[in-house]
Amino acid sequence: MNTEIIGKLVETVRERKRNPQDDSYTCKLLEAGENKLVKKLGEENAEFIRAFLKESDDAVAGEAADIIYHMVVALEYRGVAFESVLGVLENRFGKSGIRK
């Protein structure tokens, strides 16, 4: 499993926030504001649910990736570090992966 990809995603989103680019979808989302981000999260969640219920495993994985991406963008917009999310997960599941 390539868990480094999450770190790369987070850093890329942060870089786009620091240094906006005209042709960047991430920058367009960040500039659109919270209403657009909330709308996109809702759309992506609905697409994931639809894929989960009716589509292939590949489609489900693709929609899950979309949710993760949009969640990272929303967190960065809000100023909530993804590391904070990981800290919550660590507290809930412990470093060994066993639920407390």
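This is a predicted model: local features need pLDDT of at least 70, side-chain atom pairs count only at pLDDT 80 or more; totals for chains, interfaces and linings use all residues.
A crossing of two helices is left-handed if the near helix is turned anticlockwise from the far one by less than a right angle, and right-handed if clockwise.

**View 1**
The secondary structure comes to 5 helices and 0 strands. From the N terminus on, the order of elements is α-α-α-α-α. Along the principal axes, the C-alpha atoms fill a box of roughly 45 × 35 × 25 Å. The chain has 100 residues, and 24% of them count as buried. Take the contacts between residues at least 6 apart in sequence: 51% of these join residues at least 24 apart.

**View 1. Helix 3 packs against helix 4.**
Helix 3 covers residues 34–54. Its axis and that of helix 4 come within 9 Å and cross at roughly 160°. Angles over 145 degrees count as roughly antiparallel, so helix 3 and helix 4 are roughly antiparallel to each other. Their crossing is left-handed. On the helix 3 side, the contact residues are Glu34, Leu37, Lys40, Leu41, Glu44, Asn45, Glu47, Phe48, Ala51 and Phe52. Helix 4 answers with Ala59, Val60, Glu63, Ala64, Asp66, Ile67, His70, Met71, Val73, Ala74 and Tyr77. By class, this contact of helix 3 with helix 4 holds 13 nonpolar, 2 polar and 6 charged residues.

**View 2. Helix 2 crosses helix 4.**
Helix 2 spans residues 25–32, and helix 4 spans residues 57–78. Their axes come within 10 Å and cross at roughly 50°. Helix 2 and helix 4 are therefore oblique to each other. This crossing is right-handed. Helix 2 brings Tyr25, Thr26, Leu29 and Leu30 to the contact. They meet Tyr69, His70, Val73 and Tyr77 in helix 4. The residues in this contact of helix 2 with helix 4 are 6 nonpolar, 2 polar and no charged.

**View 3. Helix 2 also packs on helix 3.**
The angle between helix 2 and helix 3 is about 120°, and their axes are 6 Å apart. That makes helix 2 oblique to helix 3. Tyr25, Leu29 and Ala32 of helix 2 make the contact with Glu34, Lys36, Leu37 and Lys40 of helix 3. The classes here are 4 nonpolar, no polar and 3 charged residues.

**View 4. His70 is a buried residue of helix 4.**
His70 is found in helix 4. Is His70 buried or exposed? The cut-off for buried is under 20% relative accessible area. His70 has a relative accessible area of 4%, so it is buried. Leaving aside neighbours within four places in sequence, His70 is in contact with Tyr25, Leu29, Lys40, Leu41 and Glu44. Tyr25 and Leu29 take part in the contact of helix 2 with helix 4.

**View 5. Glu76 is another buried residue of helix 4.**
Glu76 lies in helix 4. With a relative accessible area of 9%, Glu76 is buried. Which residues does Glu76 contact, leaving aside its neighbours within four places in sequence? They are Val10, Val13, Arg14 and Lys17.

In soluble globular proteins, nonpolar side chains tend to be buried together. In this model, the largest nonpolar core has 10 residues: Val10, Val13, Leu29, Leu30, Leu37, Tyr69, Val72, Val73, Leu75 and Phe82. Helix 1 (4–18), helix 2 and helix 4 each give two or more residues to this core. The largest share, 4 residues, comes from helix 4.

**View 6. Phe82 and its contacts.**
Phe82 belongs to the largest nonpolar core. Not counting residues up to four places away in sequence, Phe82 touches Ile6, Val10, Arg14, Met71, Val72 and Leu75. Among them, Val10, Val72 and Leu75 are also core residues.

Key. Residues are numbered from 1 along each chain as its sequence is written. Side-chain values use heavy atoms; hydrogens and water are left out. Axes are lines fitted to C-alpha atoms, for helices over the stretch in contact, and angles run from 0 to 180 degrees between N-to-C directions. Angles under 35 degrees count as roughly parallel, over 145 as roughly antiparallel, 65 to 115 as roughly perpendicular and the rest as oblique. Contact means heavy atoms within 4.5 Å. Ala, Val, Leu, Ile, Met, Phe, Trp, Tyr, Cys and Pro count as nonpolar, Asp, Glu, Lys and Arg as charged, and the others, Gly among them, as polar. Buried means under 20% relative accessible area, exposed over 50%, partly exposed in between (1.4 Å probe, protein chains only). A nonpolar core is a set of buried Ala, Val, Leu, Ile, Met, Phe, Trp, Tyr and Cys residues joined through side-chain atoms within 4.5 Å.
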